[in-house]
Amino acid sequence: MSEGYRSGFVSFVGRPNAGKSTLTNALVGQKVVITSDKPQTTRTVVRGIVNRPDAQLILVDTPGLHRPRTLLGERLNDLVKTTLAEVDVVAVCFPANEKIGPGDRFIVQEMAKVRRTLKVAVATKTDLAPPEQIARHLLDIAALGESTGTTWQEVVPVSAVSGSQVGLLADLLVGLLPEGPQLYPDGDLTDAPEQILVAELIREAALDGVRDELPHSIAVVVEEMGLREDRPDDRPLLDIHANLYVERSSQKGIMIGHQGARLRDVGSRARKQIEALLGTPVYLDLHVKIAKDWQRDPKQLRKLGF
C-alpha cells in the first residue's frame, strides 16, 4: 500500500427517505443498495465499497432512524446504534427540499450519544431546491448542530441524482478516515452475500407501485440459489427460488394481482435487475406466502433474517 493510504467505515444516517441509499449508489458508481420512494425500506446493513488509488471508503447503509412502533422498528434502531459506535464517520443526510423537523432533531440527539465518531452533515437532493432554500437549509443544519452540541466536521450540499458535489463529498470523507490498509479486495463493491442483494432487489420490485399499506409488510427470503446443472459453460442459468412474505391474505391478493399479473410483473423486473447485478441469465421462481403479523413476532422475525 502506498504511504498515506486511508481506509475506514462511513455510515449514512437520516430519517427515512432522506436520500441515503441513492447517495451510496452514486458514490460507489453502481447499484448496491435498493432505492425506493417508500420510506423505511432498507433493512440490511449493506456496505458499498468505494475503491480509490489513495483510499478505500466502506459505506455502511443503515435503516432510516425512526421512533419504533413495532418490534421490527426496535431491532432497526438497535442496529443503527451499534453500527454508529463502530464506524469512523457518520454522515447525517438532510434533504434540502424539506424543512428540518423533529425527526432530524431526534436523530442528531441520538447521534450525539456516540461521542468518538466524527460527524458530517450532508444536504441531499439539492437538485430539488432553489439556491436560496439551500442556503437557508445549510444555516438550519449549522443551528441544529449548535443546539444539540454536535460538531460538524463538514457541511456539504450534494445531489446524488445530478452528481453535483458527489466527488467532493467522497474527498472530504476520505480525508476524515484513519490511515490504514485496504480492507476488501480490488473490484469488490459490496460485502453483502449475493442472496441478500437478490432478496433486496426482489423486495424493491415488489414495493414499486404497491399501495401505501404494504411497504413494511413485505419480506423476501431466497430459499435456494444455484447454477442449473447440465448446462453448457457458455450458456449458464442461475435458478433462484424465493418466497415473498406478507402478513395477511388480503395483502397476498394485492401482491399476486388479477390472474397473477402483478406477481409476474414483479418477477420480470426483479429478474432483469438480478441479471444486471450478477451478469448471468436467471430463472426466478417467486411465491407469495403469509407469515401472520411477522413484524411483531420474534420467531417469525428470526426466520425472516432479522
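**Contacts, cores and a sheet**

Student: Which residues does threonine 148 touch, not counting those up to four places away in sequence?

Tutor: Threonine 148 touches Arg105, Val108, Gln109 and Ala112 when residues up to four places away in sequence are not counted. Contact here means heavy atoms within 4.5 Å. This is a predicted model, in which local features need pLDDT of at least 70 and side-chain atom pairs count only at pLDDT 80 or more, while totals for chains, interfaces and linings use all residues. Residues are numbered from 1 along each chain as its sequence is written, and side-chain values use heavy atoms, with hydrogens and water left out.

Student: Where does threonine 148 lie?

Tutor: Threonine 148 belongs to helix H4, residues 131-148. Helices (H or I, at least four residues) and strands (E, at least two) are DSSP runs numbered from the N terminus.

Student: And why does threonine 148 count as buried?

Tutor: Threonine 148 counts as buried because its relative accessibility is 15%. Buried means under 20% relative accessible area, exposed means over 50%, and partly exposed lies in between, with a 1.4 Å probe and protein chains only.

Student: What does the side chain of threonine 148 reach?

Tutor: That side chain reaches the backbone oxygen of glycine 145 at 3.3 Å.

Student: Moving to threonine 124, which strand is it in?

Tutor: Threonine 124 is in strand E5, residues 118-124. Threonine 124 counts as buried because its relative accessibility is 3%. Its side chain reaches the backbone oxygen of alanine 18 at 2.8 Å. Leaving aside neighbours within four places in sequence, the contacts of threonine 124 include Ala18, Leu23, Phe94 and Val158.

Student: How many residues are in the largest nonpolar core?

Tutor: The largest nonpolar core has 25 residues, and Leu23 and Leu27 have the most contacts inside it. Such a core is a set of buried Ala, Val, Leu, Ile, Met, Phe, Trp, Tyr and Cys residues joined through side-chain atoms within 4.5 Å.

Student: Which elements give two or more residues to this core?

Tutor: They are strand E1 (6-13), helix H1 (20-28), strand E3 (55-61), strand E4 (89-95), E5 and helix H5 (166-176). H5 gives the most, with 6 residues. There is also a second, separate core of 24 residues, which includes Leu201, Ile202, Val222 and Val246.

Student: What is leucine 27 in contact with?

Tutor: Leaving aside neighbours within four places in sequence, leucine 27 is in contact with Phe12, Val50, Leu59, Val166, Leu169 and Ala170.

Student: New topic: what is the order of the open sheet of 3 strands?

Tutor: The order is E7-E8-E9, with mixed pairing. Two strands pair if DSSP finds at least two bridges between them. Strand E7 (219-227) and strand E9 (282-290) stand at the edges with a single partner strand each, so one side of each has no neighbour in the sheet.

Student: How many bridges join E8 to E9?

Tutor: Strand E8, residues 238-246, is joined to E9 by 9 bridges, and the two run parallel. Histidine 241 stands opposite aspartate 285 in E9.

Student: Which helix lies across E7, E8 and E9?

Tutor: Helix H6, residues 194-207, lies across E7, E8 and E9 and runs at about 130° to E7. Axes are lines fitted to C-alpha atoms, for helices over the stretch in contact, and angles run from 0 to 180 degrees between N-to-C directions. Helix H8, residues 261-278, also packs on the sheet and touches E7, E8 and E9.

Conventions
A polar contact is a pair of N or O atoms within 3.5 Å; within protein, one must be able to donate a hydrogen and the other to accept it, and residues adjacent in sequence count only if both atoms are side-chain atoms.
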